[in-house]
Structures are given as structure tokens and as C-alpha cells.
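Visitor: Could you walk me through this one slowly? I'm new to reading structures.

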Amino acid sequence: MKKNKSVSGKVHAHREEAEQRLAAKGTAAEQRTDVDARLAIHELQVHQIELEMQNEELRRVQAELEGSRSRYSDLYDFAPVGYFTFDQRGLILEVNLTGTTLLGVERSALSKRPFVLFIAPEHQDAFYLHLRQVMQTGTQQTCEIRLIRKDGTWFHAQLASIAVDDGEQNTSHCRTVVIDITERKQAEAEAQSLARFPEENPHPVMRVTGEGGVLYANRPAGDILTAFGCAAAGPLPEALLQGVRQVIAEGQTCEREITVPAGRVFSFIIASSRGVEHINLYGRDITEHKLVEDAQSFLLQCGFNENFFESLARYLAEKLHMHYVCIDQLHGDCLIAKTLAIYCDGKFEDNVEYTLKDTPCGDVVGKTICSFPKDVCRLFPRDVVLQEMHAESYVGTTLWSSRGKPIGLIAVIGLQQLPNPGLAESLLKLVAVRAAGELERRQAGEALRRAKDELELRVQERTAELAHANELLLEEIQEHKRKKEALQAAALYARTLLEANLDPLVTISREGKIMDANLAAEQAIGLSRELIIGSDFSDCFTEPIKARTGYEQVFKQGFVRDYPLAIKSPSGMVMDVLYNATVFKNSAGEVEGVLASARDISVRKRIERDLSQSELRLKDAQKIAHLGSWEWEVNSDEQRWSEELYRIFGYDPHKMAMTHEISFNAIHPEDQDYVTRMVWEALETNDDYNIDFRVIRADGAMRFLNSQARLYRDNQGRPQRMVGSVLDITDRKNIERELQESEQQLRRLTAELLIAQEAERKRIAGEVHDELGQSLTVLKLRLRTIEKQLLKDQIKIKGECLDLLGYADGILKSVRRISRDLTPSILEDLGLSAAVRWLVDNFKENLDVNIALQADNIDSLVPKELQINVYRILQECLSNIGKHAGAQNITVSIRELQDGIRLCVEDDGEGYDVEQLAFLDGSKKGVGISTMRERALILNGTLDISSRQGAGTCVTLRIPRGKGGAI
């Protein structure tokens, strides 16, 4: 409702401004006498100005969107790492500017070239192996190779690649991040050099035996061993011990990474000493490097989607070990912030709007970075949120628009003192550029959607107005036709009156004296017959000399026809007449005088002037509205086009006459049969028609036209004449096509997002089941072993061990349940029907409700790769019932019908108002129903929801058979 009021208000404002612009132009339409035509022209002029204003606004929003797109291009091209896209053969498909700089080659010269040309010969096989592993596994793979630039110089590079499918589950290419690690390699060499002086080396250095016993460790290495709880002479941590074993087994240097319990990450180069029975370990702190790499990988994989800010908030909280993360959008001169995502203590909270005064976020706005490593509560005592959570540390950064203005901010809050503020500041600076681009893209997209919605509504309204105006113009044309026919009848009637001597008629002597006059002449001249007779003929006219000249012509040629004169009366009235005269003779054949008549043409002249002005107004109106008109005489096949219609088709009306052949050839070849069929159907059925078709103008340009026509028949019902109008709708067609393309792109991106979501769920489920499940199983075995080794009198400890075993069993069951919820293995192993039964049984066990299942075997009817969508829709329905419905009885039905498959979930719960839910924004009604509808579209099916408050809810999914359906 608010949106409709907003649109109505904007339309009203546009209308007022258009009226003001039109008044400023001072159009001549105000001086015309035809009220209806003047109003129609005025409305068309106002409409044209309104459309120009709408186009200006749309171009402005389009320019903003182009600027936002340019910002995304800058984000891609000027990223600090090289982005490459390879096909299965290793050919370069795409590369950013940083990638071209790394190789020293122009971007145009890299397209379709093998990447192996820039790889050192000894590392080319490693690249092909890396590419094969990415394509086969579909998971992210990394490798290190040496690349050679165009000028012959080389550098060490790390490649991180991930496979990308073509939308049909086929891996067609991969995206790769190329990072220059030459400095890291140099640091490793420097570490080995410094290993000669271990006590002075700032990096950890150790020497161990073949069994892993520590022989020597400098101070940094001793700190690492202490963090792992290892004694100075004790065994190494497991990760380093495996590397030692690998070096002993293979005889080659290897590299291992370990994460210290405090959160630091170290990379160790493990090498054997020649001729000495020990192994040397050279370490380097790569915590910040790993965090930057991980952030770049996260931004690369995250893509552009609606959940970007939530994903970013969760990522920052996990990587920086912060209790609270919020991402805000600024409003009101940067005094008010509206949150885009709030992640607190491992879960998301509802978005809110708050003022920045007396908060650390207020200090952040306008600064690149703002950090309070400790005592943030003491520094901002009026910030209620900080006080409630007992916050200790805070780091924030501003999100800048492409114009250099603050548009948002990112803030992370911790409950402990920040040990490494520089690390948090570096990470926030890195993600801030991408977050600002995403925020600006979202703002531009919302503005463009609003503009498109308003423009579409305005186009619909104006289309209806133009249709009405067109009808009025057609009626006006018919009225002019009737007036013209009436004028012709009046002329015929005037001829009859002339023969009946009702027109002014006089006889004139050879000397020019009036000899006689009829009653009509008396009335025209304004004198009685007695006064007229004997007067000079030329004195009755406003131009006596001209009248005398016409009179003399009668004697020279025997007659005069339609000689224009004007009769004046003593009262001052003037009557335009056509002077007709012929000589009359006596019985001897001698000319005695002239018989003259004057036909009153004052009314006809006034009608001709009015008709000329009306036709001029009609031409102006058609030119303003880009609306042409035509007439077609069916029997004679004669066509008459307005000047505007000639301009629409690209022809000059003064250089050619329109024929049926020319107009037909101008129609697009693919539309000629359609237009012909519609015209003949109108002739046969006596129906009006309204069609859209394409034409090829005389200059070769293609335009979309809308034509409306009306047929007129004679008294016998035979087609006589067809009258129509043609409107250029090319701009409207272009807008409709752009809207359709945008909608198709949105559907495609949504499908890709759901596929990626299922893949991510499957990966997480595997890691939870394999890693956490195995760890819990080992824990149970260790507890069991401890319990068996306890003495009989240690009853209390045995009881605690048994309690821990029961608790571990419960955790293991929860892990398995979470893994099953993330990705149902039963769906892949036993099929959709078995998965549905298992899901219903599991739901029934967890909730005390009555649930009835009626299911046919539909495994063979739904492709295996699409079955997950049916399963997720049913899972979401049952989840919503369990959370919100409060139902006691549930019916689940899956039936194979003649036209497809129908899944129906019905409950007797509280229900809700479906129409009211449709007006809520996305943040209030959630993404569950939207995701269900998107999955239904992937199945080429439909999802219907019927519900009333207090009367339960019914959700029905229908999947059609045949072409376009899932079965």
C-alpha cells in the first residue's frame, strides 16, 4: 500500500511539473477553437513531457548502475592478486589487470593462449597435474610453480584453483588465484641462512632425532613446544613428527604447517643434514599471510548474492575470534545506521536501526580504520550495547562509495583485549573494498528496480490514456468525414436552390445597370427591389473594379463561372459569393444583357477554414505522440496515410504515394503472414484488431509497431473501408525485453546458489561426520579403556567415566543427526521415496503429533540430481509446521497423476493470512517460502499455499510431465 501511494505521489508530481513545462513553452494549441481536440492535444503534450522526465530519471539510475558496475570491474581488475580462468586444456579464458602485470603481457595477447607457455619447464607437469585434480575432484587445490615473464625474469607463484560447472553438472573450466610468493621463498632461504645462528634467529629453529626427540630448540621454537605442552627434550607435535618421518623415508626436504593453540600459524621447512644423524626444522610465522589468503579465497568464492553480508559477518567473527560483528548501512547524513547483518555469539540477530552518537561506530565514520584494543566500555560509557555485553575491544572501518562518500561501516567487538590489532585492521581493510562494492551494487539495484516499477506503471497508465486518445482521434476523424459529406450535400443543395432561383439572381443591361433582381438578391444586397433596379451592378460589391472586370468577361466569352466577389450591404455586412453569369439574347439573337447569380459561400469558407485548422491540429497531435493514421478503401485497394505514418516508416510523403505493395514489403518478413492473417480475419468476422509487429524502415532500421483498426461495411454487409492507427512501441518492447532478461538471469543465479548450497551442506556434513564423529569414537574408546583399568575400589571415578561415555554417545548421536539433516545420505542410497518415509518417521518421533503418509514410488519419475529439491521442499514444510503451526494432525501425500506428480502437505494448525504475508518485506517473512518457490521453479513446477488463521495450512507442489517438466 505504501508503494502504491509513493508511486501515485511521484506520478502526481511529474504531472504538475509537466504542466508547468508545457505552459512555459506557450504552445499554439491554446488558440484553437475545437475544445475536444485541444484537450486531446494538451494531454498528449503533457504525456510526452512526462515520458521525457521518466526517461531522464531512468537514464540517471542507469548511469549510477553503470558506475557501480565499473566499480566491480575495478575491484576485479585492480585486486592485489591475479585472477585467471582456464578451460580443461589450460587455455586462458579470462584474466584481470594484475594477472597481465604479473606475466608482463597485454590482456588481448593472453586470450586463448596456453598458460603453460609462462611456466618454467620443470614445473609444467605439476601444473597439468594440478589442473587435472581440480577438474576431477571439484574441490579447491593449490600448488606452487615458477612463472617466467615476457622479459625473461621469473618469480615463484602459488596457484589456488576451484572448478566451475556449466550449469548442467559438467565441469567446464576453473578459476584460479595466482599469488606472487617470491618474498616468502626468499624468507625461507633467509630462514635457512639464519639457521646457522639459531640463537640470534627471530624465527623458530629446532634440531631433532630421527624418532622426533628434540635435541635443540632456540627461544621461539621453545615457545611453540611449550604451547603444545611438549618438554624441551620430549617428542615433537604430531604434524611436525609426520614431516620428520617423511624426510627420513623419502630423503627430500618437505614443508609442514602447524597451528599453535594460541591461534598462530607457522610454516616449517624440514630437512636432513648431510652426514649427520639428525633433522633440522626452520620455521616462519605465516599467521597474517594465511589470514589474507583465506580472506581472498573467501571473497573469491562468496560471489554476489543476497547473503553476502551474513556470510561476511560470520567469517569475520570466526577468523578474528570476536564475540559480535555488525555490518551497517548509513542514513541521514551518516548519523543513523541500519544494520545489514548482526552476528553475535554464534548466531544471527534481527537487523535494527540506531543512532551513532556516543558509540565507537560514530568515531569510525569518515576514517579508514578505527581501533580500540582495550577498555572500549570505559571509553564509551553511554553505549548501552557495549555495557550489556561487557565488551573489551573494538575495531571498525568505513565503507566508501565510488564517489568517495561514506555509505556503511563494519564493526567487530570482542570480550577480551585484542592481542594483535594490526591483524584485525588488515583483514577489515581487505574486505571493506568488496563490502562497499556489494553495498553500492545493492543500492543501485534497488534504485533501478524502483525506477523500473514506476516506469512500468506509468507506461501502463499512459498506454491506456493513449488508447483512449486514439479512440477520440478516430471519432474526430469520422466527425470530419461527416462534415465534409455535409458540405458536399450543402453544395448540391445550393445548386438546386440556384436552379429554383433562391440564390441572388439579377439581370444586367449592357451598360451595367441592374434590370431585375429576385428576393434572395434583395436580402443579400440589403435593399428593396425598387431601389436595386437601375443601380450600377458594380456598386453592390466591395471591389467594384473587379466586379466590372468579371462583367466584361461575360461579353467576351459568353459566360463567367464562380467568379469570387463580396457583396456589401448598407448595414456594413459583407457576404462572400461566387459570381456566375451568362449572356441572354433576344429573339433576334442579339445580346441584350447578362443573367447573373451570386452563390453565398460564407458558410462554406468558414467550414473550410475550420476543417483546415482541425486537420492541422490532428497532424500536430500525431507528430507529438508518434501516432500515425491510415485508411484503406477495400474495393479500390487505395490507401491514405497521414504524414506521421510516413515518418514512422521512414518515407517522404511529398516524394511518393503509398501503395499496398510498398506497405506490405515494409513489414518484417517473419511477421508478414501474421499481419495478413489478422487483417483477413477482421474482414471475415467484422471484428476490430489490435496487433504488434515489426517493420523495416526505409533507412534499414527495425521498429516495433502497434496497430489498431476498425472495419466499416456498406448496407449489404460487405467490407467497404478500414480505418486504423499505428503507434511506435519500440522503446516499450526494449524495456520489456530487458525486464525478461533480468528475471531470467535472477532465476539462473538462484538455481546456481541452491546447487552451491547443497554442495556446501554435503561438504560440511562429510567433515562433521568424518572428523568430529571419528574424534568422538576415539574418545569413547579411550574412556572405555580408562574405565576398565580402574581398580574395583575406585567406584566414584568409574561412575564418572560411565557418565562421560553416555554423554559422548549423546554427542555422537547429535553429530550424526546434524550430518543427516545437512545432507540426507538415504536419498542417494535408497532413493526419494525411502527418504520421504524416513523424513516423515523422524519428524513423527521428534514431535507428539499424528501424521499420515500416503506415498507412491516416484524414484523413476524425478531425475536423481533434482530429487534433493523435492526432499528440501517437504523438509521445509514439516519444519515450518513444527516451529509455527501448533498442529495435532498432519497429512503428507505424494501421488503420481496422469499429468505429473503432486506433493501435498496439510495440517490443522493455527494457519496465517497468506495475503498479509505477501506484503511483508524479505527480512520479516524469511527466506523459507521464497526458497521453496525457487526450488519448485528448478523442477519446472508450481507451489501453491492456501491458509487461513485458525483453519490450518495446505502446501501443494505440482511437477508436470513431458517437455519442460522434471519427469
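Predicted model: local features only at pLDDT ≥ 70, side-chain atom pairs only at ≥ 80, totals over all residues.

Visitor: OK, and what does Glu479 meet in a salt bridge?

Guide: Its side chain meets that of Arg482 at 2.5 Å, N to O, where a salt bridge is a side-chain nitrogen of Lys or Arg within 4 Å of a carboxyl oxygen of Asp or Glu. Both residues lie in helix α14, three residues apart, which is about one turn of the helix; helices (H or I, at least four residues) and strands (E, at least two) are DSSP runs, numbered from the N terminus.

Visitor: Is Arg482 buried or partly exposed?

Guide: Arg482 counts as partly exposed, because its relative accessibility is 45%.

Visitor: And how many salt bridges does the structure hold?

Guide: There are 24 salt bridges. One of them joins Asp856 and Arg895, with the closest N and O atoms 2.9 Å apart. Asp856 lies in the loop between β28 (850-855) and α26 (867-885) and Arg895 in strand β29 (residues 889-897), so this pair ties together parts that are 39 residues apart in sequence.

Visitor: New topic: in what order do the five strands of the open sheet come?

Guide: The order is β24-β23-β27-β26-β25, with antiparallel pairing, and two strands pair if DSSP finds at least two bridges between them. Because β24 (638-641) and β25 (689-696) stand at the edges with a single partner strand each, one side of each has no neighbour in the sheet.

Visitor: How many bridges join β23 to β27?

Guide: Seven bridges join β23 (residues 627-633) to β27 (residues 719-728), and Gly628 stands opposite Val726 in β27.

Visitor: Last one: how many disulfides does a search find?

Guide: A search of the whole structure finds zero disulfides, a disulfide being a pair of cysteine sulfur atoms within 2.5 Å. For Cys877, the nearest cysteine sulfur, that of Cys904, is 9.4 Å away, and Cys877 counts as buried because its relative accessibility is 6%.

Technical notes: Residues numbered from 1 in each chain as written. Heavy atoms only, no water. Buried < 20%, exposed > 50% of the residue type's maximum accessible area, 1.4 Å probe, protein only.
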